[in-house]
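Reader: I would like to go through this model in short steps. Start with the terms, then take my questions one at a time.

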Amino acid sequence: MKIYYAHAIPLYDTVSEMAELGLIMRTFPGAEIVNPKEHQPIESADEMEHFKSLVRDCDCLVFSRFMGKITAGVGIEANYAIDLGKDVYAIKGQELKRVNRHVKSLSYEETLRLIGRAYSKLTFGNSAILDKV
């Protein structure tokens with residue numbers, strides 16, 4: 001089984017990302033996890049089309065929230081997977097909950113504001129806020 005792990009960019013390389021990957025691996029032992037941070041598009045490419053092609057190539061999608069919100073890109077990816085008839089799961093604490101209908105996500109502008117607020121709370125060299133989401 002091949003699983004697309006949709007999560008906000010600020011979670012890349014954090015303790016939260018490692019914990020979520022661990023949950024996915026425990027829930028789906030032996031599955032291949034496609035992490036978008038490892039599949040960045042070339043600069044001239046349409047980013048969302050690139051990520052949608054990765055979603056198309058997977059059997060299901062697991063997504064997480066950032067500071068309690070579904071960010072714009074994650075929402076696009078999750079809804080696209082639903083449109084394709086793929087199984088979609090939301091990370092809720094230490095469980096995966098099946099999602100059967102479109103998710104409501106932030107707009108691109110709202111996502112940028114949320115990320116800006118999160119980074120404004122950071123102190124130099126301290127990413128603890130990102131690791132608590």
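Author: Buried means under 20% relative accessible area, exposed means over 50%, and partly exposed is in between (1.4 Å probe, protein chains only). The model is predicted, so local features need pLDDT of at least 70 and side-chain atom pairs pLDDT 80 or more, while totals for chains, interfaces and linings use all residues. Residues are numbered from 1 along each chain as its sequence is written, and side-chain values use heavy atoms, without hydrogens and water.

Reader: What pattern does the protein chain follow along the sequence?

Author: Helices (H or I, at least four residues) and strands (E, at least two) are DSSP runs, numbered from the N terminus. The protein chain has four helices and five strands. Read in order, they give β-α-β-α-β-α-β-β-α.

Reader: What share of the contacts in the protein chain with a separation of 6 or more comes from residues 24 or more positions apart?

Author: Start with burial: of the 133 residues of the protein chain, 45% count as buried. Contact means heavy atoms within 4.5 Å. Take the contacts with a separation of 6 or more; residues 24 or more positions apart account for 71%.

Reader: Is glutamate 17 buried or exposed, and at what relative accessible area?

Author: Glutamate 17 sits in helix H1, residues 15–27. Set aside its neighbours within four places in sequence, and glutamate 17 still contacts Tyr5, His7, Leu11, Tyr12, Asn35 and Lys37. Glutamate 17 is buried, and its relative accessible area is 2%.

Reader: How far apart are the end C-alpha atoms of H4?

Author: The expected span of a helix is 1.5 Å times one less than its number of residues. H4 has 13 residues, so it should span 18 Å. The model agrees with that expectation, because the end C-alpha atoms are apart by 18 Å.

Reader: Within what arc do the buried residues of H4 fall?

Author: The buried residues of H4 are Thr111, Leu114, Ile115 and Ala118. Seen down the axis of H4, they line one face of the helix. The arc is taken over the directions from the helix axis to the C-beta atoms. For the buried residues of H4, that arc is 95°.

Reader: Which residues are exposed on the other side of H4?

Author: On the buried side, H3 is included in what covers the residues of H4. The other side of H4 has exposed residues, Arg113 and Ser120.

Reader: Which residues does threonine 111 contact, leaving aside neighbours within four places in sequence?

Author: Threonine 111 belongs to helix H4. Threonine 111 is buried, with a relative accessible area of 8%. Beyond its neighbours within four places, the contacts of threonine 111 are Thr71, Ala72 and Leu106.

Reader: What is the phi of aspartate 13?

Author: Aspartate 13 lies in the loop between strand E1 (2–6) and H1. Aspartate 13 is exposed, with a relative accessible area of 64%. Although aspartate 13 is not a glycine, its phi is positive, about 60°.

Reader: Where does methionine 67 lie, and what is its relative accessibility?

Author: Methionine 67 has a positive phi near 55°, in a residue other than glycine. Its place is in the loop between strand E3 (60–63) and H3. Methionine 67 counts as partly exposed because its relative accessibility is 26%.
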